[in-house]
Amino acid sequence: MKRVMCTAMSLCLLLGVGAAQTKTTTKKSAAKSAPAAAAKAAPAASSHVKAYGPDDMKWTAAPNALPAGAQIAVLEGDPMKAGAYTMRLKMPNNYRIPPHYHSKTEHVTVISGNIRVGMGDTFDEKSMNGFGAGSFAAIEPGAHHYAMVRNDNILKGKGTILQLHGEGPWEIHYVNASDDPRNKK
């Protein structure tokens, strides 16, 4: 009797595992094919979804609070108003942002290229650290920092694209008023 019960329980267990694996495989197969279909359907199917391919982003001149030459693409929200925002910042090679700070945490992801960042009140190239594509930083409010794009080696002078997100309004305060492009006329 014990042998029959053990055999029956083992059979049930094996059938249960087999069924679970079939469901998992089916879900994985569906998941592999679903993103492509969902990505294509999302813009037409729902006004609640914002999805952009690299060629869909609309680049405009960056706000005058940044040195000339940069461009932005706003992906979500309005960075200049209260609320969540996501934007990308495209900067040419050798672009510099003098020492500054922000009123709110700035979340930065390097999408492409490299950016060099230093901390403090004086721009010092020797003390800067480089961050390549895929790097992330969360810079706390009030932290004085500066940045520059330097893509001379592998990227041969190409620009850099960062993604910034956080709670607006996005603000930049320069440590030295003379560095603020809004003060130059």
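Is N94 buried, partly exposed or exposed? N94 counts as partly exposed because its relative accessibility is 43%; here buried means under 20% relative accessible area, exposed over 50%, and partly exposed in between, with a 1.4 Å probe and protein chains only. The points below set out the structure in order.

1. Basis of the note. This is a predicted model, in which local features need pLDDT of at least 70 and side-chain atom pairs count only at pLDDT 80 or more, while totals for chains, interfaces and linings use all residues. Residues are numbered from 1 along each chain as its sequence is written, and side-chain values use heavy atoms, with hydrogens and water left out.

2. Strands are DSSP runs (E, at least two residues), numbered from the N terminus together with helices (H or I, at least four), and two strands pair if DSSP finds at least two bridges between them. In general, strands of a sheet pair through backbone hydrogen bonds, either parallel or antiparallel.

3. Strand β4 and its partners. β4 (residues 96-101) is joined to β9 (residues 145-148) by three bridges in the antiparallel sense. R96 has M148 as its bridge partner in β9, and H100 stands opposite H145 in β9. β4 also runs antiparallel to β11 (residues 173-174), to which two bridges join it; here Y101 has H173 as its bridge partner.

4. Residue Y101. This residue is found in strand β4 and is partly exposed, with a relative accessible area of 28%. Contact means heavy atoms within 4.5 Å. Leaving out residues up to four places away in sequence, Y101 touches G142, A143, H144, H145, E171, I172 and H173. The C-alpha atoms of Y101 and Y174 are separated by 6.5 Å, although the two residues are 73 residues apart along the chain.

5. Strand β3 and its partners. β3 (83-91) is joined by five bridges to β2 (residues 71-76), and the two run antiparallel. E76 stands opposite T86 in β3. β2 and β3 form a hairpin with six residues between them, and G77 in the turn has a positive phi of about 70°.

6. Two loops with backbone features. N94 lies in the loop between β3 and β4 and has a positive phi of about 70° although it is not a glycine. In the loop between β10 (160-168) and β11 one finds P169. G168 and P169 are joined by a cis peptide bond, with omega about 5°.

7. The nonpolar core. A nonpolar core is a set of buried Ala, Val, Leu, Ile, Met, Phe, Trp, Tyr and Cys residues joined through side-chain atoms within 4.5 Å. The largest one has 23 residues, and L66, M91 and I115 have the most contacts inside it. β3, β5 (106-112), β6 (114-119) and β10 are the elements that give two or more residues to this core, with β3 giving the most, four residues. Not counting residues up to four places away in sequence, L66 touches L89, Y95, I97, W170, I172, Y174 and P181.

8. The largest pocket. On a 1 Å grid over the protein atoms alone, a pocket is an open set of points with protein on both sides within 12 Å along at least five of seven lines, a cavity is a set of points where a 1.4 Å probe fits but cannot get out, and lining residues have an atom within 4 Å of a point. Grid points are joined across faces, edges and corners, and a volume is the space filled by probe spheres set on the points. The largest pocket has a volume of about 350 Å³. It is lined by 25 residues, of which V108, V117, I139, H145 and A147 lie nearest its centre. The largest share of this lining, four residues, comes from β6.

9. The cavity. A search of the whole structure finds one cavity of 30 Å³ or more, and about 60 Å³ of space lies in the largest cavity. Among the residues lining the largest cavity are Y85, H102, P169 and W170.
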